[in-house]
Amino acid sequence: MTQLRLPIAIVTEEPPSIRPALESLLASDLGFHRHGSNHASHTMHAFPAKFPPQLPRLFIEQLTRPGDLVLDPMMGSGTTLVEALLAGRRAVGLDIDPLALRLSAAKTTALDTAAVSQAGSSVIHTAQHALVHDRAALEADLARRFDSTTRSFLDYWFSPRTQLELAALIRAIELVPDPGVREFLELAFSAIIITKSGGVSLARDLAHTRPHRVLDKTHRPAIAEFRKRLEKNISGLVDIPPAAQPVTPLSASAERMPLAADSVDLLITSPPYASNAIDYMRAHKFSLVWLGRPLDELSALRRRYIGGESIVGAQLLPLPARTADMVNRITRLDRKKGNALWRYYSEMTRVLAESLRVIKPGKAAIFVVGSSTMRGVDTQTHLCLGEIGQTLGFDLVGIGRRALDRDRRMMPARNTPARRTQIEERMHEEYVIAFVKPPSPAVGECLIGARLCPTPHSVLQW
């Protein structure tokens, strides 16, 4: 193995240890089951497997100071970013999911509520007028707006009546000149499609990512649903202050973070499950196609998500002993599942290596993870990720446990009230892994096995 030569540097002052604070936090009640989560913009849009805002808030308040930089490299719905904004911290979030990027931007942007309300009323009036007086133009717009693959998808999942109503709404929203207001209205539009209560599509439930088509589903008028959702979202907008510190959602992979080394004061994130246990794009595409993203493009993007099932084109890495044994155990039972798990731990190795690079020495990285069950075997994700982090050079402070409140975590729904689904059986708790980066000279490279992982060419300086 080629030896990686590190630059020599002298550390003149070791930062105070945050280990005692982390140990105390891990031992505290991390469930937050009696706490409300409806403040600020957190209820703007359904999103699978969101963690409660109190969880990132706890670590942000206890481990950082105003003006510090908080990073969520797999930001999802932007919960960490909102809490960082409310606490007066700088924040950066990374994701490649188009809906996550839209939602995180909208949830952290302060807007004039009167202007949003006025624009929303204009959109509703314009859409209603088009449905009554310009139906032919709406039908023509529907015919040319989508390619054949996307068109077939829409015809399967949306009734003709609902398609016209949605076309009227999105055409009116596209005319809004202010980009911030337009993005806010687009999220309200998306939220009437992807929702825990069923939404305007023919899917029974999209918030849990396992859609089932229901042909006799009661029609929900899209414009009326949009009006209700808009009023709810505006009420949450009132609590979003103008950002005294920058809050930045970026389209970037957690495996290659566009951040400078030793620049982050706290990393807190919730990685996806292995083997597409929660398939975000399966639900998100229902609204993203209406927002201009072709179905084939979204399917190609889905293959890049961490936790995918296919290993075609994947860069599989050597793993430490416990993790490698777990992958081998699953592979003996099911080769496809074993390969998917190998891919997941390889991807998370790169995420953890990048996390180690960008965190300041002496600062914490918090990973909230759920374990997966494959062929009846618990993959012990928390223990494996803890081992990988230690192998890379993190100091593992400990692993806390929190019981899931399934109604608020929005896990996949059961098909029948009498039978618990397989996925429901295994998603009943989460683990909070707390790492600290040991005091050391800043370096721009990390060694993963025998492979050199270079610092990204383009980095943000903070």
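Predicted model: local features only at pLDDT ≥ 70, side-chain atom pairs only at ≥ 80, totals over all residues.

Student: Okay, what is the mean pLDDT of the chain?
Tutor: The mean is 85. Of the residues, 84% reach 70 or more.

Student: Where does pLDDT stay under 50?
Tutor: Over residues 1-12. The model has 12 contacts for them beyond four places in sequence. Residues 441-447 are also below 50. That stretch has 24 contacts beyond near neighbours in sequence.

Student: New topic. How many residues does helix H14 have?
Tutor: H14 has 24, covering residues 335-358. From first C-alpha to last, the helix reaches 35 Å. That is close to the 34 Å expected at 1.5 Å a residue.

Student: And is H14 mostly covered or mostly open?
Tutor: Mostly covered. In H14, 20 of the 24 residues are buried.

Student: What sits at the start of H14?
Tutor: Asp334 has a side-chain oxygen there, within 3.1 Å of the backbone nitrogen of Lys336.

Student: Now the inside. Which residues touch the most other members of the largest nonpolar core?
Tutor: That core has 65 residues. Leu166, Leu169, Leu185, Phe189, Ile193, Phe226 and Trp290 touch the most other members. Helix H8, residues 160-173, gives the largest share, 8 residues.

Student: Take Leu166. What is Leu166 in contact with?
Tutor: Leaving aside neighbours within four places in sequence, its partners include Phe158, Phe189, Ile193 and Trp290. Val200 and Ala222 are also among them.

Student: Which residues does the second core include?
Tutor: Leu259, Val264, Ile330 and Tyr431 are among them. This core is separate and has 40 residues.

Student: Why does Glu255 count as buried?
Tutor: Because its relative accessibility is 18%, and buried means under 20%.

Student: What does the Glu255 side chain make a polar contact with?
Tutor: The side chain of Arg350, at 2.6 Å. Beyond four places in sequence, Glu255 is also in contact with Ile306, Glu347, Val351 and Glu354.

Student: Last one. Where does Ala106 lie, and is it buried or exposed?
Tutor: Ala106 lies in helix H4, residues 98-107. Ala106 counts as buried because its relative accessibility is 5%.

Student: What does Ala106 touch?
Tutor: Met44 and Leu187, not counting residues up to four places away in sequence. Gly78 is 28 residues apart from Ala106 along the chain, and their C-alpha atoms are separated by 9.4 Å.

Key. Residues numbered from 1 in each chain as written. Heavy atoms only, no water. pLDDT = per-residue confidence, 0-100. Contact = heavy atoms within 4.5 Å. Helix = DSSP H or I, 4+ residues; strand = E, 2+ residues; numbered from the N terminus. Expected span 1.5 Å × (residues − 1). Buried < 20%, exposed > 50% of the residue type's maximum accessible area, 1.4 Å probe, protein only. Polar contact = N/O pair within 3.5 Å; in protein donor to acceptor, adjacent residues only side chain to side chain. Core = buried A, V, L, I, M, F, W, Y, C linked by side-chain atoms within 4.5 Å.
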